[in-house]
Amino acid sequence: LVFHGLLWIGTRLRLSLFLMDKAHPLSPYVPKAAVQSLAELLDKQPLRFIVSKERSSKLGDYRPPLGREKRHRITVNGSLNEMAFLITSLHEFAHFRHRLSDPKGADRPHGSQWKKHFREVMQPFLVPEIFPEPLLSVLRKHMQNPRASSTSNAALSEALMAFDPPPIAGWMLLKDLDDQVVFETEKGRKFRKGTHLRSRILCEDMENRRMYRVSPLIKVRPL
């Protein structure tokens with residue numbers, strides 16, 4: 001397992017450090033009550049687990065061994081809050097389990113078999129000691145038919161955002177912005193907030209005047 005480029009060497013060393021109450025490498029990233037269970041899940045696997053820098057395109061990913069590499073690889077963004085980090089880690093570990101059971105990739109990446117593995121992996125963690133309410137209830141509902149990404153579930157995304165650091169002064173969620181107000185995204189693009197749709201908000205790009213469906217949960221700065 002790899003954390004920020006530091007290689008974990010030897011199972012006995014890892015377990016002895018944990019039993020001595022030394023800080024486990026997972027401790028800064030997941031809820032305290034989940035550290036031991038997640039460590040035991042990841043341990044003794046042909047797997048590299050990497051805490052990655054923030055990537056706007058994805059929360060985490062899984063890759064099977066390539067070329068001479070003999071180990072599978074999971075990466076998770078270290079910028080995620082501890083609840084999102086745990087969910088993403090288990091999501092990607094389910095891909096690892098799925099690959100072991102279906103090495104030729106006959107089933108879809110987020111098909112029925114992956115969902116089965118994800119539910120099995122997640123089940124021991126669905127307790128209030130790890131996920132407090134109301135997040136626990138939202139997550140349990142999500143796990144009945146998990147989607148390819150937690151961000152595609154608006155209720156789960158909003159519940160997870162409660163564990164993010166407070167927004168920087170002047171920034172807010174798009175859903176809380178008044179209609180017809182021009183705003184700037186974190187990437188610097190400028191839009192005007194328009195009509196509310198079922199799960200998105202129709203916004204006008206101020207540069208090309210095209211209309212885009214935008215998540216109500218993105219952080220914006222009114223102009």
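What follows is a chat about a predicted model of a protein.

Visitor: Hi! What should I know about the numbering and the model before we start?

Guide: Residues are numbered from 1 along each chain as its sequence is written. The model is predicted, with local features needing pLDDT of at least 70 and side-chain atom pairs counting only at pLDDT 80 or more, while totals for chains, interfaces and linings use all residues; side-chain values use heavy atoms, with hydrogens and water left out.

Visitor: Great. How many helices and strands does the protein have?

Guide: There are six helices and 11 strands. Helices (H or I, at least four residues) and strands (E, at least two) are DSSP runs, numbered from the N terminus.

Visitor: And what share of the residues is buried?

Guide: Of the 223 residues, 40% count as buried. Buried means under 20% relative accessible area, exposed means over 50%, and partly exposed lies in between, using a 1.4 Å probe and protein chains only.

Visitor: What about the surface: how much of it belongs to carbon and sulfur atoms?

Guide: Carbon and sulfur atoms hold 53% of an accessible surface of about 13,200 Å². The areas come from the Shrake-Rupley method with a 1.4 Å probe; for residues, only the protein chains shown count as cover.

Visitor: Let's go to the helices. Which residues of α4 are buried?

Guide: In α4 (112–122), the buried residues are W114, K115, H117, F118, V121 and M122. They line one face of the helix, because they fall within an arc of 160° seen down the axis of α4. That arc is the one made by the directions from the helix axis to the C-beta atoms.

Visitor: You mentioned α2. Which of its residues are buried?

Guide: Helix α2 covers residues 35–42, and V35, L38, A39, L41 and L42 are buried in it. Their arc is within 160° down the axis of α2, so they line one face of that helix. After α2 comes K44, with a positive phi near 60°.

Visitor: And α5, what covers its buried residues?

Guide: The buried residues of α5 (135–143) are L135, L136, L139, H142 and M143. They cover an arc of only 125° around the axis, which puts them on the same side of α5. Their cover includes α3, α4 and α6.

Visitor: Now a histidine: where is H98, and what does H98 touch?

Guide: H98 is in helix α3, residues 82–101, and is buried, with a relative accessible area of 6%. Not counting residues up to four places away in sequence, H98 touches D107, R108, P109, Q113, W114 and H117. From H98 to R108 is 10 residues in sequence and 10.0 Å in space, C-alpha to C-alpha.

Visitor: Last topic. How much space lies in the largest pocket?

Guide: About 1,600 Å³. Of its 40 lining residues, S56, L59, T151, L217 and I218 are the closest to the centre. On a 1 Å grid over the protein atoms alone, a pocket is an open set of points where a 1.4 Å probe fits, with protein on both sides within 12 Å along at least five of seven lines, and lining residues have an atom within 4 Å of a point. Points are joined across faces, edges and corners, and the volume is the space filled by probe spheres set on them.

Visitor: Which element gives the most to the lining?

Guide: That is α6, with five residues.

Terms used
Contact = heavy atoms within 4.5 Å.
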